[in-house]
Amino acid sequence: MIRARTPLRLSFGGGGTDVSPYPEEKGGCVLNATINLYVYGTLIPNHASSINIRSLDYDSVIRYTKTADLDFNGQMDLAKAVIKRFEPNQFTEKTGFDLYLHGDAPPGSGLGSSSTFVVTLIGLFKEWQGLPLTPYEIAERAFEIERIDVGIRGGRQDQYAATFGGFNFIEFLKDQVIVTPLKLNPLLINELEYNLLLCYTGGTRESQKLIEKQTQNYRSQNKITMEALDQIKQTAMDMKKALLLGKLNAFGELLHHEWNYKKSMAEGITTPYIDELYEEARNIGAIGGKIAGAGGGGYMLLYCPFHKKHKVSKKLSEMGGQMIGFRFDLAGLQAWRVQND
C-alpha cells in the first residue's frame, strides 16, 4: 500500500493576487501556513484491469476498466485528471489500482481542500512510480491539473502551500513562483496558535464563482477592485514583516485591514451572517480576522488577546459558529509505503 497525507492551509494575506492576470501583470504574493487538518490518500495496486476510486467522506465509489473511460462528468473529476496525467507506460490489462480518499474539511470551506486533494494524489503516484519530482514540479503540476485540465478557476497559492508546508511567503511573478519559508521561533508559533481562533461559519461555496467576479472586475479596470488587490498585496508583505519581528498584535490588525480590502473586491465575498459574527467578535475584543478562503462561507480566522479569546469563542458558539481546534504543521506533502502484515 502507498499512503499520502497533505496539510490544509490558512491564508493570512495576499489571497487574490495569485489569480491571473494580476500576477502576470503586477506580481502577486501571499502569506500562508499549513495546519493539522489533512487530506489523506491510499493507493493499492489490485493486479486486475480495474481502477476503483472511493471517497470515504461520501461513501461513494466509481469504477473503470481503462483510463480512456475517465471522462469528466462532475464525479471525482480531479482524481480522474490526476490518473490521466500519471497513467504509467507500464500499465497492462492486469495492472489496476484502488484509491481511497478522505479529507478533514469539505471542498469549498476555505482551507484549500481541492488543491490539497490533487497534491495528495500526485504524491501517491510519485511514490508508486518512483518519479523524481521536486516540490516546485509537484505544485505546478497540481495547478495545471486543477486549473487547465479540469478547468476550475482559482489561484496558485493552495498547491504550493500544500506541497511545501509550514509558514511561507510565496511570490507569483510573470514566469516563475518563488517560495520563501519563514523561519519562525517555535515559541512565537506557540503564541500565535494560542491567540488564534478558527470558527466554522457553516456551509461551503463555489470559490470559482467569486474568483470569476473578481477577475471580471479586474479586467474591466474596476477602480475599487484594482486598489483592493494592490492593498492586499502590500498587506501580505507587512504581515510577513510583523511575523518575523514577533509583532503579533500588529499581525492581528493587518488581518482586519486585509479583510476590509478583500470584501470590497466583489459581491458575495461576505454575507450578513459573516458580518454579524465578525462584528460581535470585534466588539468583544478580537483584534482582527478574515474568512480563510475566497469568501462567502467556510472558516473564519480570528486573532484575539489571550484574555478575550474565551469570550469570543463563547459568543460565536452561541451564534451558531463551530470552534475548530488546530495547530500549525510545518511539514507539507508526505507519501510512504506500508507493508501488509
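**Side-chain contacts in the predicted model**

E258 is buried, with a relative accessible area of 0% (buried means under 20%, exposed over 50% and partly exposed in between, using a 1.4 Å probe and protein chains only). This is a predicted model, where local features need pLDDT of at least 70, side-chain atom pairs count only at pLDDT 80 or more, and totals for chains, interfaces and linings use all residues. Residues are numbered from 1 along each chain as its sequence is written, and side-chain values use heavy atoms, with hydrogens and water left out.

Back to E258: its side chain meets that of K290 in a salt bridge at 3.5 Å, N to O (a salt bridge being a side-chain nitrogen of Lys or Arg within 4 Å of a carboxyl oxygen of Asp or Glu). E258 sits in helix α9 (residues 248–263) and K290 in strand β9 (residues 288–291), so the bridge ties together parts 32 residues apart in sequence (helices, H or I of at least four residues, and strands, E of at least two, are DSSP runs numbered from the N terminus). K290 is buried too, at 2% relative accessible area.

The structure holds 12 salt bridges. One of them joins D230 to K26, with the closest N and O atoms 3.2 Å apart. That pair links distant parts of the chain, with D230 in helix α8 (residues 223–245) and K26 in the loop between α1 and β2 (28–45), 204 residues apart. D230 is partly exposed at 31%, and K26 is partly exposed at 36%. Then there is E318 with K314, at 2.7 Å, N to O; they are four residues apart in helix α11 (residues 306–318), so about one helical turn separates them. E318 counts as exposed at 51%, as does K314 at 54%. R85, E144 and D149, for their part, are linked in a salt-bridge network.

On to the rings. The structure holds 16 aromatic pairs (Phe, Tyr and Trp rings, the six-membered one for Trp, with centres within 6.5 Å; planes under 30 degrees apart count as stacked, over 60 as edge-to-face, the rest as tilted). Y22 and Y218 pair edge-to-face, 5.6 Å centre to centre with 65° between the planes. Y22 belongs to helix α1 (residues 22–25) and Y218 to helix α7 (residues 207–219), 196 residues apart; both are buried. F97 and W128 also pair edge-to-face, at 5.5 Å and 70°.
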